[in-house]
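Please read the points below beside the sequence and the coordinates.

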Amino acid sequence: MLDVLRKIVQEVNAAPDLDAVLDLIVRRIQRATRTQVCSVYLLDEEQHFCLMATQGLNPAAIGRVRLPPGKGIVGMVADRAEPINLEDATVHPSYRFLKDTGEEKFHAFLGVPIIHQRAVLGVLVVQQQERRRFDESEEAFLVTLSAQLAGVIAHAEATGSIIRSAQNSQKGRDKRFQGVSGASGVAVGHAVVMAPRADLRAVPDKVARDIAQELQQFDQALASVRRDIKVVGRSLSRHLRSEEQALFDVYLRILDDNALAGEIHQRIELGSWAQGALRDVIQEHVRMFSAMEDPYLRERASDIRDLGRRILAYLQESHPVELEFHDNTILIAEELSPAMLGEVPTEKLSGLVSVYGSGNSHAAILARSMGIPTVMGVVDLPYTKMDGRELILDGYSGCLYVNPSEELSEAYREILRGEEEEAVELATLRDLPAETLDGYRMPLWVNTGLVADVVRSLERGAEGIGLYRTEIPFMIRDFFPSEQEQTQTYRRQLEAFHPRPVTMRTLDIGGDKALPYFPINEENPFLGWRGIRVTLDHPEIFLLQVRAMLRAAEGLNNLRIMLPMVTSVHEVDAACLMIDQAIDELRDDGYVIERPQIGVMVEVPAAVYQVRRFARRVDFISVGSNDLTQYLLAVDRNNPRVANLYAPYHPSVLRALDYIAREAHKEDGIQVSICGEIAAEPAGALLLMAMGYDVLSMNATNLPRIKSVIRKVTLEQARELHRQVRHMDDADKIQQMLYDTLAQWGLAQLSRPDMPDPRQGQS
Ligand code: PEP
Ligand code: MG
C-alpha cells in the first residue's frame with residue numbers, strides 16, 4: 001500500500017493544474033481502493049462544497065452539484081473535520097439526495113476531510129454499491145492520502161485562482177501567501193521573476209513577442225543539442241561498448257521524435273515563448289515516463305529532463321532574457337542571491353521575494369542593510385506564474401498579496417505615504433538624544449555586518465555598534481579571510497565609529513549560517529555545532545580572529561568582544577583564556593594592546609538561568625532575543641510553517657528578558673544590552689527600557705523610529721506598560737494591548753503599521 005501511496009503522491013505532485021490534480025486523484029484512488037466511486041468536493045468562493053472531480057458519478061454533475069455549508073454528509077465531514085464511515089449513507093439523517101449524480105445506487109460511504117494549515121479545503125469521498133463499512137486499513141489509507149495531497153491541492157488552487165484573477169475576474173483577488181520577514185517595510189508594485197540559468201522548473205510564463213523568431217530560436221537550439229550529442233558520442237566511441245554507445249542513439253531518437261519538437265512548435269504557434277513551450281512539453285513527457293511501470297522506460301524521464309535542460313541552455317544563450325524593470329519592481333527568485341539584487345537599478349527596486357531562504361540568508365541581510373522590504377521563504381508561491389503581476393509585499397508580517405484589490409492596494413499605498421512622511425520627520429532627530437519626556441536617557445546602538453551599514457548607521461545617529469556580525473564578511477568569500485584581511489575589515493568599522501564602542505561578535509556560524517568553504521552537515525543544525533561550539537573546537541580560527549580584532553583596535557581602543565551561543569560557564573572561561581593568550585602574544589610581538597571588554601550573549605535557555613555567573617566573569621551581557629525566542633518557544637525562527645508561533649511577546653519570553661536584566665544587574669558594573677529584533681520594535685523597545693536594559697541595539701533602518709517613540713513617552717509610562725503586560729498570559733492579547741496602548745498615546749503611526757485585513761484567507 002505504501003508503494004501505491006507514494007506513486008499517487010508523486011504523480012499528483014507533477015500534475016500541471018488543479019483539474020489535472022483532482023482528476024488524477026479520483027482515478028488513482030478509485031483504482032487503488034477498488035471502489036466504484038471516488039469524488040472530491042472543494043470549498044468554493046461562496047463557501048459551498050462543489051463537486052470538482054469524480055470517477056463513478058455522472059461526470060455532467062461536476063461543477064454543478066454544490067452543497068451549502070453544514071449540509072449533507074459531506075458537510076458533516078467538513079464540520080467535524082474527521083472521517084465519516086457509513087454502511088448505508090442513504091438512511092443517514094443527514095443524507096441529502098444529490099440529483100443528477102447517480103449516487104442513489106451507492107450505499108457504503110467513506111468521507112475524509114482535506115485539511116491544509118488547519119483549514120478544511122474540501123472532502124474526499126469513496127462510495128460503493130453494497131452495504132458495508134469500509135475497513136480500518138481503507139480508512140487509514142484515505143486519511144493518509146488526503147493529508148499528503150492537501151498541500152498539492154492548496155498550491156494548485158492558489159495557482160488557478162491567480163490565473164483566473166489575471167483574466168480580470170474579481171475572484172482570486174488579494175490572494176495571500178505567507179513567508180517570513182526578511183526586511184521590514186511595504187512595497188506595492190509589479191513582479192519581475194528572475195530565473196536561474198538552465199532550470200526548467202524556474203522558466204516563467206511569457207507571451208511570444210515574435211512567433212517566427214521564437215520558432216527559429218528553438219530550431220537552432222535543437223540543432224545545437226543534436227550536434228553536441230553526436231560530438232560527445234563520437235569522442236567517447238573508442239571507450240564505450242556498443243550497448244553503451246546505443247544510449248547516444250536513444251538520445252538522438254528522442255530529439256528526432258517528431259512528437260517532442262512538433263508539440264513544442266505547436267505551443268509556440270499558440271503564442272507561448274520558446275522557453276515556456278519547452279518547459280511544458282518536457283515536463284509532460286517527464287511525467288508520462290515517470291509513471292510507467294517498466295523500469296527501463298521510467299529511466300527515460302531523466303534523459304528527457306536532461307535534453308530539456310540542454311535545449312534551454314542554448315535558448316537562454318541566444319535569447320538572453322532582457323528583464324524589464326518597472327518603476328516599482330518587486331523582484332522574485334526561487335533562491336535570491338546578492339548578485340541578483342545588483343541586476344536591478346536601485347531606484348526601481350521596491351521589494352524582494354525569495355521562495356526559499358530565511359531571514360538570515362545573504363540576500364536578506366543585504367536587503368536589510370539597503371532598507372528594501374523583503375519576504376523570504378514563501379514556499380507555497382507558484383512563482384513561475386508571477387511575472388508582471390501586481391503584488392503587495394508586506395515585509396513586517398512576511399506576507400505577499402497577489403493580484404490585490406484596489407481597496408487593499410490603496411490601504412497599503414496609504415501606509416507607504418505615511419512612511420515617507422515619517423522618514424522626513426525622523427531625519428530631523430539625528431543629532432537629538434533618545435531621551436524620554438521625563439529625562440531618562442536610553443542609548444541606541446546598531447547591528448552591522450556590511451561596510452555599507454556603517455555609513456547608514458552614522459547617518460541615523462547610532463551611538464555605538466552593539467552587534468557586528470563578523471560572519472558576514474566570512475560568508476561573502478570563497479575561503480577563510482587571513483588575519484591581515486580581517487584586521488583591515490575590522491579596522492574600518494572601529495575607525496568609522498571611533499570613539500564610540502564597537503561590539504564584535506566572534507564567528508557565529510552553524511545553524512542556518514553556512515560558509516561555502518566550511519560545510520557543516522547536520523540533522524538538526526540549530527541544536528548542533530553553532531557559534532562558540534565551533535570556534536572552541538577550532539582554536540586556530542578563533543585565535544586568528546581575535547588577534548585580528550585586537551590588532552585592528554590598536555590605538556583606538558573602542559573594541560568589545562562578544563561570545564555567541566554560550567551555554568555553559570566553561571565555554572566563557574575557555575574563550576577568555578584564548579583571548580588573553582592572543583593579547584599576550586601580540587604584546588610579545590610589540591603591539592600595544594589594551595584588554596577589550598568581553599561579553600556573553602544570552603541566546604539559549606540554559607544561559608538565562610546562569611546569567612549571574614556569566615556576569616561575574618565578563619563585562620557585559622547582551623541578549624540575542626532572536627535565538628532566545630526560538631529556543632524558548634521551540635519554534636524554528638526561519639520556518640514559515642510555524643512563523644505564526646514565533647511570538648516575541650510571548651509571556652515566557654518577556655519574563656525571561658526581565659529576569660536576565662534583573663539578575664545581571666545584581667553584579668556591580670555589568671552592562672546589559674539587547675541586540676535581537678524586539679529592540680527594533682516600538683513596543684518592545686519601551687518594555688526593554690522599563691526592564692532596565694542599558695543599551696538597545698538594532699538595525700539602522702528602525703533606529704530613528706525607536707528614538708522618536710522614546711522621546712514621546714515618560715519612563716513611568718513605559719514602566720506602567722510593563723506592569724500591565726506582566727499580568728497577561730497570552731502572546732496575541734499582549735501584542736494587541738501594546739498596539740492599542742501605543743495608539744492611545746498617539747504613536748500608532750510609529751508602531752507597526754496597522755495592516756489592512758484582506759478579505760481572503762491564506763493560500
Ligand atoms: C539573536 O539571536 O538575537 C542575534 C542577535 O543573533 P543572530 O540574529 O545573528 O543569530
Ligand atoms: Mg543569535
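Predicted model: local features only at pLDDT ≥ 70, side-chain atom pairs only at ≥ 80, totals over all residues.

1. Residues are numbered from 1 along each chain as its sequence is written, and side-chain values use heavy atoms, with hydrogens and water left out.

2. In helix H13 (residues 451-459), helices being DSSP runs of H or I with at least four residues and strands runs of E with at least two, numbered from the N terminus, the buried residues are Asp453, Val454, Arg456 and Ser457; buried means under 20% relative accessible area with a 1.4 Å probe, protein chains only. Their cover includes helix H11 (362-370), strand E15 (444-448) and helix H15 (483-497). Just after H13, Gly461 has a positive phi of about 80 degrees.

3. A cavity is a set of points on a 1 Å grid over the protein atoms alone where a 1.4 Å probe fits but cannot get out, and its lining residues have an atom within 4 Å of a point. The largest cavity is lined by 15 residues, with Arg368, Asn447, Asp453, Arg469 and Asn699 nearest its centre. H11, E15 and H13 are the elements that each give two or more residues to this lining.

4. Of the 14 residues lining the second largest cavity, Tyr95, Arg96, Leu98, Glu103 and Phe109 are the closest to its centre. Helix H3 (72-80) and strand E6 (119-128) are the elements that give two or more residues to that lining, and H3 supplies its largest share, 3 residues.

Definitions and conventions. Chains lettered and ligands numbered in written order. Buried < 20%, exposed > 50% of the residue type's maximum accessible area, 1.4 Å probe, protein only. Contact = heavy atoms within 4.5 Å. 1 Å grid on protein atoms, 1.4 Å probe; cavity = no way out; pocket = protein on both sides within 12 Å on 5 of 7 lines; lining within 4 Å.
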